[in-house]
Protein chains: 6
Amino acid sequence: MESRKSALVISAHAADFVWRCGGAIALHAEKGMDVTVVCLSFGERGESARLWKEGRTLDEVKAIRRAEAEAAAAALGVHRLDCFDLGDYPLELTRADKDRLVALIREVQPAFMLSHSQYDPYNTDHMYTTQVALECRMIAQAWGHEPGQQVLGAPQLYLFEPHQTEQMGWKPDTFLDITPVWERKRAAMEAMQGQVHLWDYYTRVAEQRANHFKRNSGGQAGGRDCRYAEAFQSVFPRTVDAL
Amino acid sequence: MESRKSALVISAHAADFVWRCGGAIALHAEKGMDVTVVCLSFGERGESARLWKEGRTLDEVKAIRRAEAEAAAAALGVHRLDCFDLGDYPLELTRADKDRLVALIREVQPAFMLSHSQYDPYNTDHMYTTQVALECRMIAQAWGHEPGQQVLGAPQLYLFEPHQTEQMGWKPDTFLDITPVWERKRAAMEAMQGQVHLWDYYTRVAEQRANHFKRNSGGQAGGRDCRYAEAFQSVFPRTVDAL
Amino acid sequence: MESRKSALVISAHAADFVWRCGGAIALHAEKGMDVTVVCLSFGERGESARLWKEGRTLDEVKAIRRAEAEAAAAALGVHRLDCFDLGDYPLELTRADKDRLVALIREVQPAFMLSHSQYDPYNTDHMYTTQVALECRMIAQAWGHEPGQQVLGAPQLYLFEPHQTEQMGWKPDTFLDITPVWERKRAAMEAMQGQVHLWDYYTRVAEQRANHFKRNSGGQAGGRDCRYAEAFQSVFPRTVDAL
Amino acid sequence: MESRKSALVISAHAADFVWRCGGAIALHAEKGMDVTVVCLSFGERGESARLWKEGRTLDEVKAIRRAEAEAAAAALGVHRLDCFDLGDYPLELTRADKDRLVALIREVQPAFMLSHSQYDPYNTDHMYTTQVALECRMIAQAWGHEPGQQVLGAPQLYLFEPHQTEQMGWKPDTFLDITPVWERKRAAMEAMQGQVHLWDYYTRVAEQRANHFKRNSGGQAGGRDCRYAEAFQSVFPRTVDAL
Amino acid sequence: MESRKSALVISAHAADFVWRCGGAIALHAEKGMDVTVVCLSFGERGESARLWKEGRTLDEVKAIRRAEAEAAAAALGVHRLDCFDLGDYPLELTRADKDRLVALIREVQPAFMLSHSQYDPYNTDHMYTTQVALECRMIAQAWGHEPGQQVLGAPQLYLFEPHQTEQMGWKPDTFLDITPVWERKRAAMEAMQGQVHLWDYYTRVAEQRANHFKRNSGGQAGGRDCRYAEAFQSVFPRTVDAL
Amino acid sequence: MESRKSALVISAHAADFVWRCGGAIALHAEKGMDVTVVCLSFGERGESARLWKEGRTLDEVKAIRRAEAEAAAAALGVHRLDCFDLGDYPLELTRADKDRLVALIREVQPAFMLSHSQYDPYNTDHMYTTQVALECRMIAQAWGHEPGQQVLGAPQLYLFEPHQTEQMGWKPDTFLDITPVWERKRAAMEAMQGQVHLWDYYTRVAEQRANHFKRNSGGQAGGRDCRYAEAFQSVFPRTVDAL
């Protein structure tokens, strides 16, 4: 059990992990990796417009969003979904909240982490989340933070795809073929009942990224097929034994 | 024989391939890959100060530089060294020169290519070479260029380490452990008799990059050992089946 | 009354709105738009050197700065001047302060907003203000923030001209002809009695920007005349029906 | 007739104007503007893989590509299609070729111009074309170039959408609603028989850009509908009389 | 005494000032300048792995780190070492902490300041420190902050060399020859007993920077000798009477 | 005589050296430095609109521009004005032209060089000139280029102020006080009879830069006076013995 590799997704709002890296989650889950997803908030205030228009209360909105997130997580094969329920618009973490995240990072010991783009003028919760992810990754590496716990190594932090990529200064360097798990991602997206308009939007994103995958894996001279893909930007360099 | 994978280095001057990616060459050669090195010039005018101070003629300088490049190539296990002898300071390629390079790229069918940084205010030959590498890579992919030849796929172009990296806007994203072939790289460097002062300089570069390798592969919590490394910047995104 | 369009300026210190977008304010006021100006502080500590040299108390400085801001606002035709009096050097907003700003944004329902550059190593209050403007704009758009209030659409955020533009990484993409209201802007500037040295400075800025306006509207082949202009950088893309 | 406004598209290869700004062309044509399209090459070598696989000769490929471009232009309502036939992969313009382009720019007197992104490591023809567009725009403005001709004013140069936008450092600042002319753009795309795989790709691009259009024109709080859009990056600032 | 010039180093952790600008400190101390060093924390949690592995307590770690910092400061000729003891991983300053730093800046009246790079995804304490340095520099310049105190002029803020420079977007513009004080810097480094592996690492950094110094001071045509150097990035422009 | 220090200005068009670095020229001339100015063209086609409107011939325009440049050079105390007369809009240098420039650089042995910004979408001659300056600087450093001649050291290349600085991505790092020679610069500007509208424009530039000089040399707490200044961006790092 201990030897299973794991990954950690840090999602500002309940649905981000679905649209932005649902394929990566499902794919690595299928490969036998334990994928933990942290939703720092439910996106209850800022990303649940339909529910508010229906006259729901805050508690109702949160409950519905939680249920959707759980359904999506189940569809993707998420090992553990941890909803921190810290509020959104704005999302703000106290030092205790950060300590909780650090503890989780150490517990998970992720081989890699996933979070938001570093800049997003439309959504300051997103860039704040990545800032927090970097800070907590650093703390988790500190031998003097909760001495005795297992410290963290140096996992890659992949930044998943934001909305309107060019406005965020986000540049993907890694395209992942998610064709084998596409049905899982689509199912997870369809669990998000309040954002129906995004189902097709992110299906098209996956199709476009598959086109890019093929261009970069060989193009018209041998590029292998790929029908759905996700794209990521790496924060840290890779260490390799061959180019 | 055909199934052996190959790589292609495009070096502006005779010695660049030694300092900047000698380890990558030796490592992949040891792995059974055929590595071809193109030296567009000998660096005869601009990078042979010692020889000119000795009063050598142009032909002598070129002959000495060629011999050094051949010795270095031998030390590294280079499969093929192709000296285009196009002149340096400035290096300029005619359309015929570019066609020659395109033909070579197609012949080699590299799994990946290596060349200079995209910006270098100290050395315009370097940035020109990368511009040419991109142009010729594109032409090699064109079905209508010399129809009937095997077109090129979409090999990565790695930009090897320039001198004074920060001034070039070069940011490495890939660190390669070259410890297993370090002796080969050092031997190749020592073949460059005219640039003795660079032997230790690039030895230190390799040691610093090994430190970075370890930081990025796990740091003080499990980073594996590495004594010598080289660093590279990728121009194109990677396509992967797992993060 | 409801159908009048409105704009919102978020100014870190009392005088910023005058120097940096006084022309835009006066121009749109003349066009019948209601322009609201928020001064988060009076710039009492950091931008009132002359008054402190005269030995004024904090309360006196604030009163004088308020009076100057009111006079300038009157000269420009500002619809509403709201002085939040939050302190400066450093400026810091609590969550309650931000909620107050969100409420104001929603009340104003601006067609566009104006604030500072995103980077300013000389004046961290300035970049903090823009960060706050983006955060509060986002919250004002959230259906779940104070449900029942009218949510915000997607107004442009223009970044007005900072001092020493190149050091701030600020790049204007919009030049506004303020010739018709120049006298108003000059009068507003002259209301700032403590910063006499800036009257001519910002007059010259307006003249230089007018030169740029002409260059970009047709140059020597038909560029129309313009004697005073202001420049702005847009954070968000425009949506248009014709190029 | 003289008072009709005009626009100019400078396209490296025959099909670029279709995928990248076909909507803008059709829309402005419908508005009564004369849109001229220059195809510097047919994309005969580099963007006609299917034809070469069929064993066509160079002349056949060019003829087919020309016919496709003409059909697409007709579908879009292009006023004038000018095929310079300068060759591709690589595209290279002599001084005479540039003079020809300058003459055309002056003849057209475009209110705005359209061309490629400024950086494209996949396709050096694209970035070369934009470099040429800037150079020829400058020459067309020179009173001493062919004195007596009407000099050019200062038209905006819009950079249309490249493939894999993030890799090109292209950031759109203007979204154009092309819903009214979508059928024309789709018809023009379908005229490109050799690139069937791109029809749906660029249909999805238009749908995604429509989503972005709506986000930026008001979002969930009043963003008007838009089903198809194109995106552009401006090289030069705008000059306006109102924000 | 009053006329002695002074400099101020703001170091996030106890050892940063040694590795990153120990040569600058020793050099200016030898020139008769009073150099004050502020260590905002001891780096007790995040940069003392060896001590924690030995089972030390927090107080022990801090005491050891303090002693090391004092020994290093003595070796460098530091005029005053001020350990703020604010904690690390993460480092966080209250308004009172910042006021303390502002008071110190005013007391020192530095001719120039030194701190960390503006970006560091590995270590958020570093970039936070520079943000604080800019904020406190601004406050120290404010006539209304603690009126009566001597306000600060406009000292340069030099950003000293981070680890893995290219990942931090740090670009040096100033190379300082520290050969005359090299032995002092080496001695100071050797005072940091917990980070023995960095002694040689930063010795190599100094050797590489000396190579860069020579390249930029004349190269092979007259570049003067330099055996050890440090590199810095300036935040603000210089004001000069000659180029 | 040989020991006099020298500087070299490389100006694309005849007037650039006046507007952009006339103060630097006059100041260093007064200090006893020999300043050589190269005008690669007269700006006869692109920057002489008034003369063409008057119906002048090309030869007349060139003669007038030459005379103006000579008068301006005399006013500034230029040691040597070398008009290469290579044509403008576009400016293009053959290899022989570049060799001529290299020979001049070597003859001058400048302590520093001055040229245009590295990017200028309005004027491709400007950015081409800087590219040529870098290339020729490199060739002049090559021991194998015209062996026997004195090779060049490593002079700084300062980029002088372009029009519309922010559009060029130009960021000044050095402000030079030109107050002592202001009358000379103004006189030189007034020698440019065809560009009267720029006299006041560049006077205002000098006044604004003086304001920036003061801000950066001490601000309101001791910044010394300065009435006229010029600003420059350095391409290469400085090498110093003290910060």
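## Interface of chains D and F

In this predicted model, the contact between chains D and F, counted where heavy atoms lie within 4.5 Å, takes 15 residues from chain D and 17 residues from chain F. The two chains bury about 1500 Å² between them, 63% of it on carbon and sulfur atoms, where buried area is the accessible area (1.4 Å probe) lost on being put together, summed over both parts. On the chain D side, D:Arg95, D:Met138 and D:Trp143 lose the most area to chain F, together 39% of what that side buries.

One salt bridge is found across this interface, the term requiring a side-chain nitrogen of Lys or Arg within 4 Å of a carboxyl oxygen of Asp or Glu; F:Glu92 forms a salt bridge with D:Arg95, with the closest N and O atoms 3.4 Å apart. Two elements of chain D, α4 (95–108) and α5 (124–140), each give two or more residues to the side that touches chain F, and the largest share, four residues, comes from α5(D). Helices here are DSSP runs of H or I with at least four residues, and strands are runs of E with at least two, numbered from the N terminus.

An open sheet of eight strands with mixed pairing has the order β8(C)-β6(D)-β7(D)-β5(D)-β4(D)-β1(D)-β2(D)-β3(D), two strands being paired if DSSP finds at least two bridges between them. Because β8 (238–240) of chain C and β3 (80–83) of chain D stand at the edges, each with a single partner strand, one side of each is left without a neighbour in the sheet.

The strand from chain C, β8(C), pairs with β6 (residues 174–177) of chain D in the parallel sense over three bridges, and the bridge partner of C:Arg238 in β6(D) is D:Thr174.

## Interface of chains A and B

Between chains A and B, the contact takes 36 residues from each of chain A and chain B, and about 2900 Å² is buried, 57% of it on carbon and sulfur atoms. Two salt bridges are found across this interface; in one of them A:Arg224 is joined to B:Asp241, the closest N and O atoms being 2.7 Å apart. Three bridges join β8(A) to β6 (residues 174–177) of chain B, and these strands run parallel; A:Thr239 has B:Phe175 as its bridge partner in β6(B).

## Conventions

Residues are numbered from 1 along each chain as its sequence is written, and chains are lettered from A and ligands numbered from 1 in the order in which they are written. Local features need pLDDT of at least 70 and side-chain atom pairs count only at pLDDT 80 or more, whereas totals for chains, interfaces and linings use all residues, and side-chain values use heavy atoms, with hydrogens and water left out.
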